[in-house]
Amino acid sequence: MSTGQRITDNLHGISGILVTPFDRDDRLDMARLRPIVDRAVGAGIHILVANGNTGEFYALTTAEAEAYVAGAAELLDGRAPLLAGVGRSIGDAVALAKASVRAGAEGLMIHQPPDPFVSPRGIVDYVSRIRDVSNGLPMMLYLRNDTIGTANIAALCQIEGVAGVKWATPNPLKLAEAMKACPEHIVWVGGLAEVWAPAFYAVGARGFTSGLINVWPQRSMEIHTALEAGDYATARALIAEMETFEDVRAQEMNGTNVTGVKTALQMTGLDCGPTRPPSAWPLTATQSNALDGFLRTHGLLQAKAS
């Protein structure tokens, strides 16, 4: 199997976005990530992602992001394909793409540029520059803003090497429109995690991204299995049981998204350190109590001694 083929084959599955572990001095501490990677692999998560947004990509320096993808590849040791996020300035993105290739990543996820003066044709140039140093690895576009329009999304998907799109906007109808306009080989992946996966599956997307895999990868796999079988009722029921967890993560303008995941890890004995600003840290007492109750309800946390 050629380099990158496993990514292409597995895009229909779950792309698990790993957290970034920090020690008490706010330095990368990759050893803390090992049990999380081992658990995700053991549960059958199809792809693991380094330098995604659940990994606080924009809170890392480029040097830290390079060290992280190398460390993640070492921990994973080929047991599942590694998808590496790249982005920020074109210089940083190119440097990180090269570092990801050296680390042994099997694909690149290209973050949508957040520059206030970004142009649609400029994004085409951006992706093309990254493609030129990608060593032929397949690329997944991370689309968080679909206002660039269907024609420009189609232009991006025409770039050689683009294999998939992580659709992270809550617009299933625009997703359906983009799918119709783009090449048939493009894999459309639900980029808003488990909650939105049924809606995206309904219009033809396959697979989804997940931060839940850091805490409860078995539940993510159960949801994926149900969706692949077309059992939307079971998928919705499984997702409904996660309402408290997802509610905590969505608060404060989504600023507790990673905070909720890292707090849950702390509560279950897999401390990966705090989040960095501008994410919220720590959770409020109300948020923390809700998360504690969720973990106990689902047997993810041992009951308190009487």
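Trainee: Is Thr-169 buried or exposed?

Mentor: This is a predicted model, in which local features need pLDDT of at least 70, side-chain atom pairs count only at pLDDT 80 or more, and totals for chains, interfaces and linings use all residues. Residues are numbered from 1 along each chain as its sequence is written, and side-chain values use heavy atoms, with hydrogens and water left out. Buried means under 20% relative accessible area, exposed over 50%, and partly exposed in between, with a 1.4 Å probe and protein chains only. Because its relative accessible area is 4%, Thr-169 is buried.

Trainee: Which residues does Thr-169 touch, not counting residues up to four places away in sequence?

Mentor: Contact means heavy atoms within 4.5 Å. With that cut-off, and with residues up to four places away in sequence not counted, the residues touched by Thr-169 are Leu-143, Arg-144, Asn-145, Asp-146, Leu-192 and Phe-200.

Trainee: How many residues apart in sequence are the parts that Asp-38 and Arg-79 tie together?

Mentor: A salt bridge is a side-chain nitrogen of Lys or Arg within 4 Å of a carboxyl oxygen of Asp or Glu, and the side chains of Asp-38 and Arg-79 meet in one at 2.9 Å, N to O. Asp-38 lies in helix α2 (residues 34–43) and Arg-79 in the loop between α3 and β3 (82–86), so the parts tied together are apart in sequence by 41 residues.

Trainee: Which residues do salt bridges that share partners join into one network?

Mentor: The side chains of Asp-25 and Arg-27 meet in a salt bridge of 3.2 Å, N to O. Through shared partners, salt bridges join into one network Asp-23, Asp-25 and Arg-27.

Definitions and conventions: Helix = DSSP H or I, 4+ residues; strand = E, 2+ residues; numbered from the N terminus.
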